[in-house]
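Q: I have a model open and want a quick tour. Can we go through it piece by piece?

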Amino acid sequence: MENTLKNIRLFLFDMDGTLYLGSRLFDFTVELLDTIKAQGKKYMFMTNNSSKSVEDYVTKLAALGIEATEDDFFTSSQATALYLLEHHKNQRLYVCGTRSLKAELSKNGFEITEDTADTDCIVMGFDTELTFKKLHDISYLLLTRPDIPYIATNPDYVCPTEFGSVPDCGSVCDMLFNVSRRRPIVIGKPQPEMPLLAMAKAGTAPAETAVIGDRIYTDIKSGLSAGAYTVLVLSGETTREILDASFDKPHAVMDSAAQLLDILKG
Ligand SMILES: [Mg+2]
């Protein structure tokens with residue numbers, strides 16, 4: 001594990017549960033990121049949350065004490081924009097998502113519409129601005145146009161909050177499944193797209209890339225399907241019991257990413 005990790009040139013970090021927990025920054029995080037930079041290596045933060053913009057994340061990390069620029073992030077919104085550029089260029093999008101998601105898609109040249117007669121493709125995100133009109137319109141589109149492209153930024157059923165969780169993109173897609181029997185094409189983790197696109201951006205091969213996260217069914221699975229080295233940290237959601245019961249196994253398991261820092265320094 002030590003030799004493999006020393007050869008890694010790109011570290012793709014999950015954020016919550018890996019570098020901080022809620023609003024508490026882990027004490028090793030700043031030194032870990034500084035050490036990676038000082039060794040001439042790269043890191044990026046990967047998030048499935050498509051409700052916030054990259055600017056929002058820069059602000060959030062700054063408040064926690066992590067200096068970051070927009071280039072340090074890779075969000076499921078960005079990955080979805082790249083996917084749409086490749087497969088649905090010039091299509092008009094009906095977006096069930098926040099203003100931030102719509103802005104990301106507009107920035108990439110897509111026309112956003114709220115008119116079902118004008119829609120070529122449906123995009124689902126983690127929509128903290130969800131309305132019944134959007135559910136109504138998408139139900140109409142899925143039922144009247146069974147072949148319409150239907151894409152979702154991320155598969156998560158819930159998004160953690162201070163009091164537990166709220167419904168995320170996957171739960172809303174389930175509501176629409178009950179109506180239409182259709183499932184979207186999903187872009188975020190556990191699909192390999194985000195790590196693969198991040199590697200393409202950084203110019204590294206899978207063997208030189210590590211995915212580090214606290215969830216097996218999103219972080220680790222996306223890394224495994226992208227062919228990257230995977231590190232599960234037990235500082236967030238996953239317990240030893242969950243790990244033992246899981247079919248998908250990471251290459252390495254650490255109590256926290258503090259152990260990664262020790263290996264890089266050692
Ligand atoms: Mg996490």
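**Domains and sheet**

A: The centres of domain 1 and domain 2, taken over C-alpha atoms, are separated by 28 Å. The model is predicted: local features need pLDDT of at least 70, side-chain atom pairs count only at pLDDT 80 or more, and totals for chains, interfaces and linings use all residues. Residues are numbered from 1 along each chain as its sequence is written.

Q: Which residues belong to domain 1 and domain 2?

A: Domain 1 is 2-48 + 189-265, and domain 2 is 88-186. Such bounds come from an automatic or database domain assignment.

Q: How many residues does the contact take from each?

A: Four from domain 1 and five from domain 2. Contact means C-beta atoms, placed from the backbone, within 7 Å.

Q: OK, new topic. In what order do the six strands of the open sheet run?

A: The order is E5-E4-E1-E13-E14-E15, with parallel pairing. Strands are DSSP runs of E, at least two residues, and helices are runs of H or I, at least four; both are numbered from the N terminus. Two strands pair if DSSP finds at least two bridges between them.

Q: Which strands stand at the edges?

A: E5 (73-75) and E15 (252-254). Each has a single partner strand, so one side of each lacks a neighbour in the sheet.

Q: What joins E4 to E5?

A: Three bridges join E4 (residues 42-47) to E5, and the two run parallel. Thr47 has Thr75 in E5 as its bridge partner.

Q: Now E14. Is it enclosed or open?

A: Largely enclosed by the rest of the structure, because five of its five residues (229-233) are buried. Buried means 20 or more other C-beta atoms within 10 Å of the residue's own, with C-beta atoms placed from the backbone.

Q: Which residues cover each face of E14?

A: Tyr229, Val231 and Val233 are on one side, and Thr230 and Leu232 are on the other.

Q: What does E14 pair with over four bridges?

A: Strand E13 (residues 209-213), in the parallel sense. Gly213 stands opposite Leu232 in E14. E14 also pairs with E15 over three parallel bridges, and there Val233 has Met254 as its partner.

Q: Which helix goes with E13 and E14 in a β-α-β unit?

A: H9 (residues 216-225), and the unit is right-handed. That means the path from the first strand over the helix to the second runs clockwise, with the strands pointing away from the viewer. E14, helix H10 (residues 240-245) and E15 also make a right-handed β-α-β unit.

Note on methods
A residue is buried if 20 or more other C-beta atoms lie within 10 Å of its own, exposed if 12 or fewer, and partly exposed in between; C-beta atoms are placed from the backbone. Two residues are in contact if their C-beta atoms, placed from the backbone, lie within 7 Å.
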